[in-house]
Structures are given as structure tokens and as C-alpha cells.
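Biologist: I've never looked at this one before. Could you walk me through it, one question at a time?

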Amino acid sequence: LMLQISQKTSSDGKLFGSVTSTNIVEALKEQGFDIEKSMIRMPQGQLKQVGDYPIKVALYGDISAQITVSVLGEAM
């Protein structure tokens, strides 16, 4: 699964703000997935640059899924 999340960016690709686990949960809910914020694993922390990031979702016990979050920039 690939999620695309758009955020406002500067000319060098840095985000104004960041993409958090809350943003990822909201994007997953828009696609029909019922995921809790605590299930999102972001080893590198909040996403602060435009690009593609592998994110792990802990589903149950040792079962997890990997998704790709594509952070897209929006010009101001």
C-alpha cells in the first residue's frame, strides 16, 4: 500500500511542519482502514522532507505490514 500525503514545502523540499502518525492514521481511514495511532511505527520519527518512506504498521502481536508513505510538496 502506498499513501500520498501532501504538505506545504519550502523551495528546498523541507516541510513547513511534519507528517506525523496522526496524519498517516487519517490517510489510512480515508482509504477504509481502521488503524490506531499506537500501531504506527516510525523509526526515523516524524517525516520532515519530501520523499518516500517505509512505515511499519503493527497489526497484531508479531504480525505487521509495511506501507510506503509518499510525502508530496505543495507550493505556497
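This is a predicted model: local features need pLDDT of at least 70, side-chain atom pairs count only at pLDDT 80 or more; totals for chains, interfaces and linings use all residues.

Biologist: Okay, and how many bridges join S1 to S6?

Modeller: S6 covers residues 63-74, and S1 runs parallel to S6. The bridges that join S1 to S6 number seven.

Biologist: In what order do the strands of the open sheet sit?

Modeller: Four strands make up the open sheet, and their pairing is mixed. Two of them are edge strands, S1 (2-8) and S3 (40-41), since each is listed as pairing on one side only. Reading across, the order is S1-S6-S5-S3.

Biologist: What angle does the direction of H1 make with that of S1?

Modeller: Helix H1 spans residues 21-30 and packs on the sheet. H1 touches S1, S3, S5 and S6. The angle between the direction of H1 and that of S1 is about 125°.

Biologist: Which residues does Thr 20 touch, leaving out those up to four places away in sequence?

Modeller: Thr 20 sits in the loop between strand S2 (14-19) and H1. Its C-alpha atom is 8.0 Å from that of Gly 45, although 25 residues separate the two along the chain. With residues up to four places away set aside, Thr 20 touches Met 42 and Gln 46.

Biologist: Back to the strands: which residue in S6 stands opposite Asp 52?

Modeller: S5 and S6 pair in the antiparallel sense, over nine bridges. Their hairpin has two residues between the strands, and Gly 61 there takes a positive phi near 55°. As for Asp 52, the residue opposite in S6 is Ser 70.

Biologist: Is Tyr 60 buried or exposed?

Modeller: Tyr 60 lies in strand S5, residues 51-60. Together with Leu 59 and Ile 63, Tyr 60 makes a nonpolar surface patch of about 360 Å². The cut-off for calling a residue exposed is over 50% relative accessible area. Tyr 60 has 67%, so it counts as exposed.

Biologist: What about charges: which side chain meets Glu 74 in a salt bridge?

Modeller: A search of the whole structure turns up one salt bridge. The N to O distance in the Glu 74 pair is 3.6 Å. The pair links distant parts of the chain, S6 and S1, 66 residues apart. The partner of Glu 74 is Lys 8.

Biologist: Last one: what is the relative accessibility of Lys 8?

Modeller: Glu 74 is partly exposed, with a relative accessible area of 34%. Lys 8 counts as partly exposed too, and its value is 40%.

Definitions and conventions. Residues are numbered from 1 along each chain as its sequence is written. Side-chain values use heavy atoms; hydrogens and water are left out. Patches are made of residues with over 30% relative accessible area and no salt bridge: like charges are joined within 9 Å, nonpolar side chains (Val, Leu, Ile, Met, Phe, Trp, Tyr) within 5 Å. Accessible areas come from the Shrake-Rupley method with a 1.4 Å probe; for residues, only the protein chains shown count as cover. A salt bridge is a side-chain nitrogen of Lys or Arg within 4 Å of a carboxyl oxygen of Asp or Glu. Buried means under 20% relative accessible area, exposed over 50%, partly exposed in between (1.4 Å probe, protein chains only). Two strands pair if DSSP finds at least two bridges between them. Contact means heavy atoms within 4.5 Å. Axes are lines fitted to C-alpha atoms, for helices over the stretch in contact, and angles run from 0 to 180 degrees between N-to-C directions.
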